[in-house]
Amino acid sequence: MGKAPSKSSLTRSSPVGPKALPLPIFQKLKDKRVVLASASPRRKEIFAAADFHPEIVPSTFAEDLPHSRFQGRLADYPIATGAEKAMEVYERLVKENEYDPPDLVISADTVVIFPPEKDTVEGGQYHGEISEVLEKPINKHEQIRSLSSMSGRQCEVITGVSIVYPTVEAPGFKVQSISASTLVQFYDNSKETIQAYVDSEEGIDRAGGFAIQGLGGVLIEKIDGDYNNCVGFPSSAVWRWISELDSEGVFDEAWKE
């Protein structure tokens with residue numbers, strides 16, 4: 001499948017500006033069609049912090065993979081979900097215009113796991129408990145329950161990041177994924193503190209029921225890992241990873257002029 005001689009009028013990514021770190025990968029992506037398969041304003045802000053502005057095409061994938069399928073390896077859940085989101089967007093855009101497929105689709109899925117699986121395995125601090133994926137709370141009661149259960153303890157925030165890029169071989173694209181993990185230690189928060197946070201109406205739309213970058217920061221004592229991962233996109237790890245793939249020639253066929 002080749003591109004037509006003329007490009008569409010769709011805006012390309014604009015990765016390099018006066019404040020951007022001139023990484024080689026940013027320079028290489030400057031004139032490529034890079035798509036972020038997410039409607040998350042937090043992820044968009046993290047990209048913008050690097051002065052990288054991809055095309056935004058939110059995925060319509062239902063994000064309904066059964067958690068039971070990943071029991072014992074819950075870290076694979078956001079990787080699988082992120083991959084489905086990226087593939088859905090890539091295939092949809094190709095169907096819309098086969099002569100102008102994306103050069104790169106990037107997706108991410110962030111989940112909270114409590115307790116961390118390292119603590120529930122045999123020999124772990126909470127062996128006997130069952131680690132769960134905490135989704136966005138369906139109501140304030142569930143949000144209070146989640147925050148109360150994590151009070152004084154750790155949860156694990158995992159983001160699965162997937163990329164899709166075109167290939168000659170069937171099915172016409174390839175998917176690669178990585179994940180990042182951050183341990184979040186909560187203060188031993190009182191019922192009053194948790195209730196006040198829930199009443200602020202923040203966190204009801206976030207996995208685990210809290211937003212570390214907002215008022216939710218007052219609930220958290222410390223983290224071990226990437227802060228941006230907690231927000232929704234581990235940018236440093238992702239750009240290093242994509243740069244490594246590029247140096248290995250992974251994108252040579254897809255991005256040849």
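In the predicted model, arginine 206 pairs with aspartate 205 in a salt bridge, with 3.1 Å between the closest N and O atoms. Arginine 206 is buried, at 18% relative accessible area. Aspartate 205 is partly exposed, at 38%. Side chains of opposite charge can pair when their charged atoms come close. The count of salt bridges comes to eleven.

Another salt bridge joins the side chains of aspartate 246 and lysine 28, at 2.7 Å from N to O. This pair links distant parts of the chain. Aspartate 246 lies in helix H8 and lysine 28 in helix H1 (residues 24-29), 218 residues apart. Aspartate 246 has 16% relative accessibility and therefore counts as buried, the limit being under 20%. Lysine 28 is partly exposed, with a relative accessible area of 33%.

Aspartate 76 and arginine 73 also meet through their side chains, at 3.2 Å from N to O. Aspartate 76 is partly exposed at 32% relative accessibility. Arginine 73 is likewise partly exposed, at 40%. A network of salt bridges links Arg33, Glu55 and Asp100.

The largest nonpolar core comprises 44 residues. Leu104, Ile106, Phe210 and Ile242 have the most contacts inside this core. Leaving aside residues up to four places away in sequence, isoleucine 242 touches Ile25, Leu104, Ile106, Ile163 and Phe251.

Helix H2 spans residues 41-49. Its buried residues are Arg42, Arg43, Ile46 and Phe47. Viewed down the helix axis, the buried residues of H2 fall within an arc of 140 degrees, so they line one face. An α-helix has 3.6 residues a turn, so residues three or four places apart point the same way. Lys44 and Glu45 are exposed on the other side of H2. The cover over the buried residues of H2 includes strands S1 (34-36) and S3 (104-114). Helices H3 (76-96), H7 (227-231) and H8 (235-247) also contribute to this cover.

At the start of H2, a side-chain oxygen of serine 40 comes within 3.3 Å of the backbone nitrogen of arginine 42. Aspartate 51 follows H2 and has a positive phi, near 55 degrees.

Proline 66 sits in the loop between strand S2 (55-56) and H3. Proline 66 is partly exposed, with a relative accessible area of 41%. Eleven residues separate proline 66 from tyrosine 77 in sequence, and their C-alpha atoms are 8.8 Å apart in space.

Conventions
Residues are numbered from 1 along each chain as its sequence is written. This is a predicted model: local features need pLDDT of at least 70, side-chain atom pairs count only at pLDDT 80 or more; totals for chains, interfaces and linings use all residues. Side-chain values use heavy atoms; hydrogens and water are left out. A nonpolar core is a set of buried Ala, Val, Leu, Ile, Met, Phe, Trp, Tyr and Cys residues joined through side-chain atoms within 4.5 Å. Buried means under 20% relative accessible area, exposed over 50%, partly exposed in between (1.4 Å probe, protein chains only). Contact means heavy atoms within 4.5 Å. Helices (H or I, at least four residues) and strands (E, at least two) are DSSP runs, numbered from the N terminus. The arc is that of the directions from the helix axis to the C-beta atoms. A polar contact is a pair of N or O atoms within 3.5 Å; within protein, one must be able to donate a hydrogen and the other to accept it, and residues adjacent in sequence count only if both atoms are side-chain atoms. A salt bridge is a side-chain nitrogen of Lys or Arg within 4 Å of a carboxyl oxygen of Asp or Glu.
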